[in-house]
Amino acid sequence: MIRDITIGQYYPTDSVIHRLDPRTKLVWTLAYIFSLFLFRSFASYVVATVLLVTVIKISKVPFKFMVKGMKAVVILLLITVVFNLFLIPGTTLVQIWKLRITYEGLNTAVFMALRLTYLIIGSSVMTLTTTPNQLTDGMEKGLAPLNKIHVPVHDVAMMMSIALRFIPILLEETDKIMKAQMARGADFESGNLITKAKNMIPLLVPLFISAFRRANDLAMAMEARGYYGGEGRTKMRPLVYQKNDRIAYAILPVYLIAMFAAKKIVGI
Amino acid sequence: MSIKLEHINYIYGEETAYEKHALKDINLEIPDGQFVGIIGHTGSGKSTLIQHLNGLIKATSGVIYYNGENIYAEGYSMKELRSHVGLVFQYPEYQLFEADVLSDVCFGPKNLGLSEEEVKMRSLEALHQVGLKEKYYDKSPFDLSGGQKRRVAIAGILAMHPEVLILDEPTAGLDPKGRDDILDQIAKLHKERGITVILVSHSMEDVAKYVDRIIVMDHGCMKFDGEPKKVFEHYKELESIGLSAPQVTYVMQDLKEKGFDVDVHAITVEEAKQSILQVFGMKVKKNGSEENV
Amino acid sequence: MKDIINIKKLIHDYQKYNEDGKVESTYRAVDEVSLDVQPGQFIAILGHNGSGKSTLAKHLNAILLPTEGTVYVDGKDTRDEEKIKEIRQTAGMVFQNPDNQIIGTVVDEDVAFGPENMGVPSKEIEKRVEEGLKTVEMWEYRSHSPNKLSGGQKQRVAIAGVVAMHPKCIVLDEPTAMLDPVGRKEVIQAAWKLNKEEHVTIILITHYMEEVTSADQVIVMEQGKVLMQGTPKEVFSRVEELKEHRLDVPQVTMLAHELRKSGLNIPEGILTREELIEELVKLKTTADAEGGAICP
C-alpha cells in the first residue's frame, strides 16, 4: 500500500513540458523563483501570472494537482498575511479597536501571499512534470563541470537516486516493524515526549540494521554488475538538448525583461 | 478461547486509484485448540486476515469475537487482545533489537506489566521451548544464525503466553533442516500446551503434515475450508488459483487413472506408501518387516 | 572445450575480529573444494545454510577472493585485479533478495545499469535492455516501477539486468528462497530458458530439490566440503545419506525409495512423478500377468 505513494507527486502524461530536458526546467524554476523576489510590483506579477497559466496549460496537468501543494502551507500563508497586515507601521487605512491595518502592511501582506502561492505552484509544475530520477540525472549532467574541482557530482547523484528508490521500501518496512512490535505489546502512541522517544528504540534499531543490510547487499549487487563509480559510464538515455529546450532558454531573458519593463512602465 | 469472524470486509485505499477490497465477507470460527493452516496465493488476503485477529488491522465492516467478546466494542483493549493472540510475522528476526537475546524475549512480557521475576521466568521458559541452548541467552541476537534468530523472535511471542499463536510463513527462507525443526517445535507446542495454532504457509507438504484444518484464501474470499484430505481433493482448482496439492496427491490421482485401486486422499509419503503396497498385496508391519496379505 | 570455471582446492576462511582489531576466531567456510564446469552446463549446488555454498558462489565473480587455492573464470585468475571487470562481465550474479539488487526506479533503467557500467553505447544499451527483458518475459513492464512487481517478477528483472551484460555464465545464489511457489517457477523457468536457448552456463545455488532434477550435475555441500557430486539420479539415489544429513529429497523420490525398501522392485533414482508411475505400471502389469501379489 505505502509503496504506491510517489515522491514528488509526478503526474505521468505526455506534454511539451514533460519532454523538456530536466536541466531546462531546473534553470527556469530557479530563474522564476528569483524573479518573484526581485520584481516586487503588481504589474510584474501579472506577467508572472501569464507565464504560470500558460505553462500549466501546456503541461496538461489538471489544475487541482497544482494547488494540492498549497494545502500544506495554508497555515503558514495565513500567519504571514495576518502578521504583515497588522504589524507593519505606516499610513493607517483601517482601525478596529487596537488593531491597525496600514497601507504598507496591506501591500506587504498581499505580496507575501502572492509570492508564496506562486512559489509553491511554480515548484509544483516542476515536480509534477519531472520524475525524481530525471531531476537527479539533470543535476548530475548540469553540475558536471564541478567534477573539475573534485566535487563528487556523480556519486552524490547516484546516492540520491538510490535513496529515492528505497524510500518506499523503507517506509513499508517501518510499517511492518511497527506492527511486529505492536504485536508484542509495544505502544507508540501514549506517553510524554521522552517516553515516546524511548518507545521508538524497538522501531529504530531494527530499521537501521535493515537499512545497513540492504546497503551492503546493494553494494555487492552493484559491484557484481560492474559498477566502479562514474568514470567510463554511459547512459541509456543521455540528456541532450532538443529544439524545445533552446526555445525555452531563449524565452527566459524575454520573460525577465518583461517583468522589469512592467514594473518600470506601470509603476506599481 | 475461540475466535469468531462475522461478515468481515476490509477495503483499503478507498477513493484513490489504488482501492482494494482485500477481504470479502469472511465468516469463520476457530475453536479452542485447533491447528489451522491458511493457504493462498500472494495477495489472496491471508496476511491481511491474520492481522485482523489481533486487532492490528480494523475491519471496514463486520464483527470479530474473541471468547465471545466483541473486539470492536467500546472500551475493549486491543493491547490486551494482543497478549492473548500472539502473531509472529514473516521473517520475524527483523524485529530483534535488544543487546542480548534474553532481553529481547523479555520485551513482550514486560509490555504486559508483569513483575521482573515473572518476565524473566516466562522468557527463559520460552527460549527453552524453542530449543535454543542456554549459551546463547546473553549473546547479541545479531551474532546468531538466521534460524536461531527466528527462534528468538518466536520465543518473544511465546513468552507472552498467548492462547492463540499465529505464524505467518514461519519456514520462509529456511533450509529443509531449519524448516523441519521449527515445524516440529510448533507441533510440539500445540500438543503440549493445547494452544490454538494458525499457520499461514505456501508449502502444501508442510501444511498437510501438521494441521487439522485447511482454509484456502483466493482473492479475498474463503474458497475452501475443511480437513486437509478433503481440501486437496480439489487439487485441480487449487492449481488454477496458483497453489498445488502435495506431490504424492498427484501421484495417487495419476495411479487411479491408470487403474490402480489406491487411496486418492493420501497426502503424505507414508499414507501413499501404505496404499500402493496394499494394491500389490503387500503390507508393512510396524517394525518394518513384510508380510503378504 | 575449455572449461568456463575451474576451482582448484579452494579454501575460504572468515575471520572474526574483536573490538581491538585482533583476530578473535577463524571459520573455514569452504574447505578444499575443487570443481570444473564446462560451458553450457546447468550445475546445481545444494546444501544447508552454512554449508559454504553461498561463499563458494561469491568466488565465481571475484566478490570474495580465495584464502588458499585458485579460481579461474574463463581462464582468468580471480586474484588478478586487472581482470576483475572482465570476470564480472563473464560471470554474472543474481542474489537472493529481490529488492536489494534493483537499483533503478524504473524497470528498464535498472536493466540498463550493467551495460551503462560497461560503457556500452546508448543505442546498443537500448537493444540489450529490450533483448534481456524479452528473454525473461518482462518487456511489457519496462516502464513500471519495480515496487509494484511481485517477487518472481523482480527476480526476473534482476536476471534481465545480468543478461544485458552478455555474460557466458550466470550464478544464481538462492534466487528463489524468498519467493512463493509461483515466483519460484517463473525464475527457474527463466534460468532453464537461458541455458537451453542461449547456451548460458547456469550455476544454481538452492535448497529446493525439485528445481534441480534436470541439471547436468548436482553438487551437495556440507560444512565447506563437497559431500556428493554427480548426476541428479546418482545423487538422489542416496536417499538415506541425504536424510541423515537432513537434506531434502523430492516427495516422489522418497516414496519410490520407501516402496523399494518395502520390497517393490523399483529402481533407485526416481526423480519425477512420470517415472514413478511408469515403474509402478510396469510392475503391476507383470504382477497381473503372473496372477497375484508380488513376492519379494
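Student: In this predicted model, what share of the contacts in chain A between residues at least 6 apart in sequence join residues at least 24 apart?

Tutor: That share is 76%. A pair counts as a contact when the C-beta atoms lie within 7 Å.

Student: What makes chain A more spread out than a compact globule?

Tutor: Set the value against the rule: for 268 residues the globule rule gives 18 Å, but the radius of gyration of chain A is 24 Å, well over that, so chain A is more spread out than a compact globule. Along its principal axes, the C-alpha trace spans about 65 × 55 × 40 Å.

Student: What makes a residue of chain A count as buried, and what percentage do?

Tutor: The cut-off is 20 or more other C-beta atoms within 10 Å of the residue's own. In chain A, 24% of the 268 residues count as buried.

Student: And which elements build chain A?

Tutor: Eleven helices and two strands. Read from the N terminus, the order is α-α-α-α-α-β-β-α-α-α-α-α-α.

Student: On to chain C. How many of its residues are in contact with chain B?

Tutor: 35 residues of chain C, against 34 residues of chain B. Helix 6 (181-197), helix 9 (251-261) and helix 10 (273-289) of chain C each give two or more residues to that side. Helix 10 gives the most, with seven residues.

Student: How do you know what kinds of residue chain C puts on the side that touches chain B?

Tutor: Sort them by class: 20 are nonpolar, nine polar and six charged. Gly goes with the polar ones in that scheme.

Technical notes
Residues numbered from 1 in each chain as written. Chains lettered and ligands numbered in written order. Predicted model: local features only at pLDDT ≥ 70, side-chain atom pairs only at ≥ 80, totals over all residues. Contact = placed C-beta atoms within 7 Å. Helix = DSSP H or I, 4+ residues; strand = E, 2+ residues; numbered from the N terminus. Rg over C-alpha atoms; globule rule 2.2 N^0.38 Å. Buried ≥ 20, exposed ≤ 12 C-beta atoms within 10 Å, placed from the backbone.
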